[in-house]
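Please keep the structure open beside this note while you read, and follow each numbered point on the chain itself.

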Amino acid sequence: MTGKDLYQRVAVRLGDYQQQVIDWQRELVSRNAVGPDHGGPGEGEKAAFLAEMLRSWGLKVENYPAPDARVAGGQRPNLVALVPGRRPEKVWVLSHLDVVPPGDETLWDSDPFTLRVEGDRLYGRGTEDDHHGIVTSLMAVKAILDLGITPPRTLALALVSDEETGNEKGLIHLLREQPQLFSPADLIIVPDAGSLDGTLIEVAEKSILWLRLTLEGKQCHASRPDLGRNTLRASAHVILALEELAREFSLEDPLFRPPVSTFEPTKKEANVPNINTIPGRDVFYLDCRVLPEYDLSRVKERVLALGQEAARRFEVKLTVEPVQELPSAPATPLDAPVVKALERAIQEVYGRDPQPRGIGGGTVAAFFRQQGLHAAVWMTVSQTAHQPNEFTLLSNLLGDARVLAHVFLEKD
Ligand SMILES: [Zn+2]
C-alpha cells in the first residue's frame, strides 16, 4: 500500500475519534498542572494519567524527571513515548504538560478546570495551550496503532514540564541529561504556536532584549518646577528620542512578520502618589525584538546614547539595565525536511498555502535550534492561550491530527 493510501485510511479513522477527543480534553483540563513558580501543584497528575494511557496502548514510556522539591513527589515529569518505525530516525512531537493559572476567575464564564463543550468549541484552561498539541499527537498515534501500521520513521511523543516558566525543569533538562534521544536526522514538531488558518510554520525567532530605563532628577512641589527636575517630562522626551532606533536598525527581512525590528516602550512603574508633586524618579521598560542580523550590544549602546542625549537637556540622569537578553538561535532552514513535510501535509489536509516565517515571540523550539536541531513550531490556534475562556476547536484538533498523521507516514 502506498503512503498516500495509508494516509487516507488514517484520515478516515481519525474522523471516528470525536468523542474520544472530548473525553481526553476533559481528563486533561480537570488535572490542574499549573507549575510551582505560579503557585500550582505541577504536572505530576496529568503526566501519570497520560503515561498510564500510553502504556495501555502497548507503548514504551520513559520518564526523565527533573528534581524539584516544591512539588509532591519532588520531581517534574518529562515523558517520552515511542512507536518503533521501520527506521530509527524519529518524528518528534513535543508538547508541554503545564498550564498558566486561570487569572481573574470572574472573567471566566465557567470553571477553568472543568471542560465546557459548546458546538465546535472546547473551553477550559489548557485546551489550546498545550492540550491541543498533546491531543492531536495522541490522535495521530492512536489511529496508526489501531490500524496496525508500522510507520516509516519511529514516532516519538515528548510531554514535558515547565514550558510556561522557563523550561529548566522541562526541555532544557531533557536536552542536557538525555542528548542521545535527539538526532539531526529527526523531524521535530512543536505544536505550541501558529495561526488561525493553520498555515504558519514558525522557523525563526527574533532576538529578545528587555531594558529597564531609570531616570533620576529632583522631586519638588508642582507649583515650583524651577526647584526640581521633572523625570516624567524627561521620560516623554527619551521615549520620543528612542523612535530613532527604528530608523537606525531599519533592515527588513521578509522571513519575519513583522519584517522589521521593533522597539516598544511598555511597562511604566508608578512614580509619585499625588498630582501636586513633580516626580524625581521614573522607571519604564523597553521591549525590543531585533532581527538576527543585528548585535544586541550595539542596540544597547544606541539606547543609552540616544536616551542620555535627551535626558541631559532636562539635567536628569539616565541608567539603562538589561532585564532579559536572548540572542536568537539559528533559524531552521526553509528546506529542512521537517518544514517540507509540514508544507506537504498542510497543503493536503487544508488545501492552503503554508507560510514558513519568523516571529517576534520566543518559543521552546529555540532550545532545539541552539543544539543544531531543526525544529518547526506549528499548530492551528484559536489565539486564546493564557486568556480567560481559553478554547480550542474540535474541527482544528481533527485537522491538525491529520496533518501530523501525514507527516508520520511520509516515506522520506
Ligand atoms: Zn504553550
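Which domains does the domain assignment of the chain give?

1. The assignment gives domain 1, made of residues 3-204 together with 329-408, and domain 2, made of residues 207-326. Please bear in mind throughout that this is a predicted model. The C-alpha centres of domain 1 and domain 2 lie 38 Å apart, and the contact takes six residues from domain 1 and seven residues from domain 2. On the side of domain 1 that touches domain 2, strand 17 gives the most, with three residues.

2. For the chain as a whole, there are eleven helices and 19 strands, and the C-alpha atoms fill a box of roughly 85 × 45 × 40 Å along the principal axes. Of the 412 residues, 43% count as buried. If we take the contacts between residues at least 6 apart in sequence, 79% of them join residues at least 24 apart.

3. Helix 2 covers residues 18-30, and its 13 residues reach 19 Å from the first C-alpha to the last, which is close to the 18 Å expected at 1.5 Å a residue. Its buried residues are V21, W24, Q25, L28 and V29. Seen down the axis of helix 2, these buried residues fall within an arc of 130°, so they line one face of the helix.

4. Strand 10, residues 200-205, deserves a separate look: six of its six residues are buried, so the strand is largely enclosed by the rest of the structure. Strand 10 pairs with strand 17 (residues 355-359) in the parallel sense, over five bridges, and within this pairing I201 stands opposite P356.

5. In what order do the four strands of the open sheet come? The order is 13-15-11-16, and the pairing is antiparallel. Strand 13 (262-268) and strand 16 (317-326) stand at the edges with a single partner strand each, so one side of each is left without a neighbour in the sheet. From one strand to the next, the twist averages 25°. Strand 13 and strand 15 (residues 281-290) pair over five bridges in the antiparallel sense, with P265 standing opposite L286.

6. Helices also pack on this sheet. Helix 6 (residues 231-241) touches strand 11 (207-216), strand 13, strand 15 and strand 16, and its direction makes about 145° with that of strand 11. Helix 8 (residues 296-312) packs on the sheet as well, where it touches strand 11, strand 15 and strand 16, and the direction of helix 8 makes about 160° with that of strand 16.

7. Leaving aside neighbours within four places in sequence, P322 is in contact with L209, W210, L211 and K300. P322 and L286 are 36 residues apart in sequence, and their C-alpha atoms are 9.5 Å apart in space.

Conventions
Residues are numbered from 1 along each chain as its sequence is written. This is a predicted model: local features need pLDDT of at least 70, side-chain atom pairs count only at pLDDT 80 or more; totals for chains, interfaces and linings use all residues. Helices (H or I, at least four residues) and strands (E, at least two) are DSSP runs, numbered from the N terminus. A residue is buried if 20 or more other C-beta atoms lie within 10 Å of its own, exposed if 12 or fewer, and partly exposed in between; C-beta atoms are placed from the backbone. Two residues are in contact if their C-beta atoms, placed from the backbone, lie within 7 Å. The expected span of a helix is 1.5 Å times one less than its number of residues. The arc is that of the directions from the helix axis to the C-beta atoms. Two strands pair if DSSP finds at least two bridges between them. Axes are lines fitted to C-alpha atoms, for helices over the stretch in contact, and angles run from 0 to 180 degrees between N-to-C directions. Domain bounds come from an automatic or database domain assignment.
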